[in-house]
Amino acid sequence: MANTENRPPFRYDIVGSFLRPAALKEKREAFASGKITAQELEEAEDAAIRELVAKEKEVGLKAVTDGEFRRRYWHLDFLAALEGIEEIGAEHWSVAFKGAQPKAATVKISGKVDFGSHPFLAHFRYLQSLAGDALAKMTIPSPSMLHLICCVRATDYAPIERYQDEAVLFEDIALAYQKAVRAFYEAGCRYLQLDDTSWGEFCDPEKRKAYEARGFDLEKIERAYVAMINRTLEAKPADMTITMHICRGNFRSTWFSSGGYEPVAEILFGGCHIDGFFLEYDSDRAGGFEPLQHIREQRVVLGLVTSKTAELEDEDAVKRRIEEAAKYVPLEQLCLSPQCGFSSTEEGNILTEEDQWEKLRLIRKIAESVWQ
């Protein structure tokens with residue numbers, strides 16, 4: 001698949017989240033403590049997103065996001081708003097980060113999973129109203145995440161009667177996501193991204209061992225996830241691009257999974273009908289480029305610039321790594337981005353707003369040099 005300049009993913013692109021401005025964080029705290037109304041919070045979010053989109057355009061991005069400014073978490077806000085899903089408190093996070101821990105919360109399946117009247121559609125419409133000549137990019141958690149959180153990570157999962165047969169659950173999730181794809185498309189979305197940490201976990205030898213010790217057949221789960229994503233993609237119109245971002249954890253500049261793509265490459269890269277993969281490659285925790293030999297026609301966005309620290313990467317070193325990746329995937333199918341978002345939760349990574357824009361300016365400079 002030739003990577004044209006007017007279709008995403010773009011030569012220089014973004015994963016999605018940005019650091020929340022201090023003023024917005026203050027408004028969210030004020031709302032949580034009952035000092036301002038929901039409308040006042042929404043107005044503050046609108047203003048912050050307007051300013052963010054202007055900065056995204058200023059730095060030259062062809063696709064803009066709302067920075068996930070209306071969310072606490074990159075995934076739970078979306079999942080909890082699905083029909084049949086409940087957010088619940090938790091004693092601890094479902095995975096352990098290497099350092100600071102997010103505020104514990106999770107979700108459970110309490111009824112038939114469906115898309116329903118989802119608040120993220122309004123979030124997208126507002127972004128679309130600001131995008132102008134840029135493409136409005138929407139990011140949501142992958143369908144895999146719902147099963148992973150509720151049925152694999154959770155040690156106390158007990159299926160409701162409808163989901164005694166797990167195949168029914170996979171089908172319901174896929175159909176709910178088909179509705180999501182159609183609804184976002186009808187709202188004007190032509191660039192949708194599925195964010196997914198399940199594959200990062202399945203790359204981690206320690207996590208694989210722990211899951212297998214609990215009786216999970218990981219290859220069976222991986223194949224079920226690919227089938228569920230492909231079933232979702234059956235709803236994708238021809239002029240819509242749907243990509244996937246694979247992450248090993250991103251909270252306050254820390255992480256929770258480590259390991260190269262080898263364990264999942266053949267099943268995921270070889271079997272998933274997604275249009276492009278955003279892949280973390282900012283540290284040796286991601287392994288080498290050899291697993292990319294399983295990529296077919298998908299575009300690969302190399303996350304060679306870290307979003308976890310402020311230090312700027314060496315331009316020539318990044319270019320050398322792009323050349324190395326091009327041994328396995330044609331250069332025309334490659335793009336460049338940060339390894340993850342800058343703020344997968346509302347707390348954000350440990351760098352400044354100016355640092356994140358410097359990272360994006362560097363990515364654009366490198367990309368324009370490599371793909372002249």
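The exercises below concern a predicted model.

**Exercise 1.** State how many helices and strands the protein chain contains.

*Solution.* Counting the runs under this definition gives 12 helices and nine strands in the protein chain.

**Exercise 2.** Determine whether the radius of gyration of the protein chain agrees with that of a compact globule.

*Solution.* Step one: for 372 residues, a compact globule would have a radius of gyration near 21 Å. Step two: the value for the protein chain is 19 Å, which agrees with that expectation. Step three: the extents of the C-alpha trace along its principal axes are about 55 × 50 × 40 Å.

**Exercise 3.** Describe burial, contacts and surface in the protein chain.

*Solution.* Step one: of the 372 residues, 58% are buried. Step two: among contacts between residues at least 6 apart in sequence, 78% join residues at least 24 apart. Step three: the accessible surface amounts to about 15100 Å², and carbon and sulfur atoms account for 48% of that surface.

**Exercise 4.** Find how far apart the mean positions of the positive and negative charges lie.

*Solution.* The protein chain has 47 positive and 62 negative charges, and their mean positions are 1 Å apart.

**Exercise 5.** Locate Gln339 and classify it as buried or exposed.

*Solution.* Step one: Gln339 lies in the loop between strand S9 (334–338) and helix H12 (353–370). Step two: its relative accessible area is 1%. Step three: buried means under 20%, so Gln339 is buried. Step four: the Gln339 side chain forms a polar contact with the side chain of Thr306, at 3.3 Å.

Technical notes
Residues are numbered from 1 along each chain as its sequence is written. This is a predicted model: local features need pLDDT of at least 70, side-chain atom pairs count only at pLDDT 80 or more; totals for chains, interfaces and linings use all residues. Side-chain values use heavy atoms; hydrogens and water are left out. Helices (H or I, at least four residues) and strands (E, at least two) are DSSP runs, numbered from the N terminus. The radius of gyration is taken over C-alpha atoms; the globule rule is 2.2 Å times the number of residues to the power 0.38. Buried means under 20% relative accessible area, exposed over 50%, partly exposed in between (1.4 Å probe, protein chains only). Contact means heavy atoms within 4.5 Å. Accessible areas come from the Shrake-Rupley method with a 1.4 Å probe; for residues, only the protein chains shown count as cover. Lys and Arg count as positive and Asp and Glu as negative; His and the chain ends are not counted. The place of a charge is taken as NZ of Lys, CZ of Arg, CG of Asp or CD of Glu. A polar contact is a pair of N or O atoms within 3.5 Å; within protein, one must be able to donate a hydrogen and the other to accept it, and residues adjacent in sequence count only if both atoms are side-chain atoms.
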